[in-house]
Amino acid sequence: MRVILFGGAGYIGAHVALEFLKRGDEIGIFDNLSTGLRENVPGEAKFYKGDILNKEEVAKALSDGWDIAIHLAAFKAAGESMMSPEKYAENNIAGSLNIITGCLKSGCNYFVLSSSAAVYGEPKYIPIDEEHPKDPENYYGFTKLEIERNLEWFSKLKGLRYASLRYFNAAGYDTDGKMTGLEKNPANLLPIIMETAMGMREKIVIFGDDYPTPDGTCIRDYVHVTDLARAHVMASDYIREHDENLIVNLGSENGISVLEMVETAKKITGRNFKSEIGERRKGDPAKLVASSKKAYEKLGWKAEKSDIKTLLESTYKVYLKNEKK
Ligand code: UFG
């Protein structure tokens, strides 16, 4: 199969590219390297440095003839999307439309979207399944929902076949050590914990300990990036073989609290870094846990590497490697 990955030099994209390569698919990577890294692009991949806002650059890459497009080129900081919605409207919505329309023009009729649990907003019930009401709490989640809706329309009107993968909290690194590029300016819990453990930050602030959870800190469903990556390969095969669309949650179905993550990280790294309780962060639901039943029923997918130990150990290893560079 010939697979082009938009945003394939980013943290998740690079892990997805690795999974396609492992089974011998041909891959192309399109990335503007604004957050992605050139070192994440494997030698076997054809690399296109380009921007999804530039229709000509998108068309040129697609003119090489691809069976399926995987779209991971989006901004993903929920907090920032509330301050700079224009940036998210332009890149995430307009950029996605450029890719979708470019695909249709070039005859690439299969599409996999990197979507998010952020489409659901404040949970009405747990675990969250795909039927849960879609009511995004932040503009970032709204952009993902808009892209999903466009995919539905383009599917109805133009026969595009798509999979939308709604990730919960992506974390961890390739356990074989093939991926060593660190995210620039990370905003998520695990990289912030690691930066603190490595002494790059003075302390980590736990955002609130008065939530209605057993230890008072927020609970999230962390899913290992290699588990996510495997799901892209499975979903790509699924939509091609069944000629039907697919929308699935990808989560571990297991909740981990912020405090548990911080304390376990201290044990695993053996570094007693400073952590303190701070104010709640705006827009944080107390608890998010996925139901991934549908992904299992449709794809046979289940998280396999998303336990707290593998998540933290695989991330720590990459930080250690970078420290020694
Ligand atoms: N947290 C802290 N301190 C920090 C950073 C995070 O306490 O310095 C806490 C947050 O308050 C939250 C948890 O750690 O309770 C996880 O926070 P992240 O920022 O890592 O992730 P979010 O749950 O806010 O959001 C992530 C992705 C979204 C995605 C969502 C889906 O960033 O894009 O998961 O569940 F939509």
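**Ligand site and salt bridges**

The ligand is surrounded by 21 residues, and the closest are S116, N169, R220, R281 and D284. The model is a predicted one. Domain 1 (2-170 + 223-250) and domain 2 (189-220 + 253-323) both contribute residues to the shell around the ligand, so the ligand lies between them. Elsewhere, the salt-bridge count comes to 23.

**Polar contacts and burial of the ligand**

- D284 has a polar side-chain atom 2.5 Å from an oxygen atom of the ligand.
- For R220, a polar side-chain atom lies 2.8 Å from an oxygen atom of the ligand.
- N188 places a polar side-chain atom 2.9 Å from an oxygen atom of the ligand.
- Taken alone, the ligand exposes 690 Å², and 89% of that is buried by the protein.

**Make-up of the shell**

- By residue class, the shell around the ligand divides into 14 nonpolar, 3 polar and 4 charged residues.
- Helix α6 (189-197) and strand β8 (204-207) each supply at least two residues of this shell.
- The largest share of the shell comes from β8, with 3 residues.

**Salt bridge R2–E26**

- R2 and E26 form a salt bridge in which the closest N and O atoms are 2.6 Å apart.
- This pair links distant parts of the chain, with R2 in strand β1 (residues 2-6) and E26 in strand β2 (residues 26-31), 24 residues apart.

**Salt bridge K203–E276**

- In the salt bridge between K203 and E276, the closest N and O atoms are 3.1 Å apart.
- K203 lies in the loop between α6 and β8 and E276 lies in strand β13 (residues 275-278), so the pair ties together parts that are 73 residues apart in sequence.
- The relative accessible area of K203 is 29%, which makes K203 partly exposed.
- E276, at 30% relative accessibility, counts as partly exposed.

- R230 forms a salt bridge with E304, and their closest N and O atoms are 3.8 Å apart.
- Distant parts of the chain are linked by this pair: R230 is in helix α7 (residues 225-242) and E304 is in the loop between α9 (293-299) and α10 (308-324), 74 residues apart.
- R230 is buried, with a relative accessible area of 18%, whereas E304 counts as exposed at 56% relative accessibility.

**Residue N150**

- N150 is placed in helix α5 (residues 139-158).
- Is N150 buried or exposed? N150 counts as buried, because its relative accessibility is 19% and the limit for buried is under 20%.
- N150 and I100 are 50 residues apart along the chain, and their C-alpha atoms are separated by 8.8 Å.

Conventions: Residues are numbered from 1 along each chain as its sequence is written. This is a predicted model: local features need pLDDT of at least 70, side-chain atom pairs count only at pLDDT 80 or more; totals for chains, interfaces and linings use all residues. Side-chain values use heavy atoms; hydrogens and water are left out. A residue is near a molecule or strand if one of its heavy atoms lies within 4 Å of it. A polar contact is a pair of N or O atoms within 3.5 Å; within protein, one must be able to donate a hydrogen and the other to accept it, and residues adjacent in sequence count only if both atoms are side-chain atoms. Accessible areas come from the Shrake-Rupley method with a 1.4 Å probe; for residues, only the protein chains shown count as cover. Helices (H or I, at least four residues) and strands (E, at least two) are DSSP runs, numbered from the N terminus. Ala, Val, Leu, Ile, Met, Phe, Trp, Tyr, Cys and Pro count as nonpolar, Asp, Glu, Lys and Arg as charged, and the others, Gly among them, as polar. Domain bounds come from an automatic or database domain assignment. A salt bridge is a side-chain nitrogen of Lys or Arg within 4 Å of a carboxyl oxygen of Asp or Glu. Buried means under 20% relative accessible area, exposed over 50%, partly exposed in between (1.4 Å probe, protein chains only).
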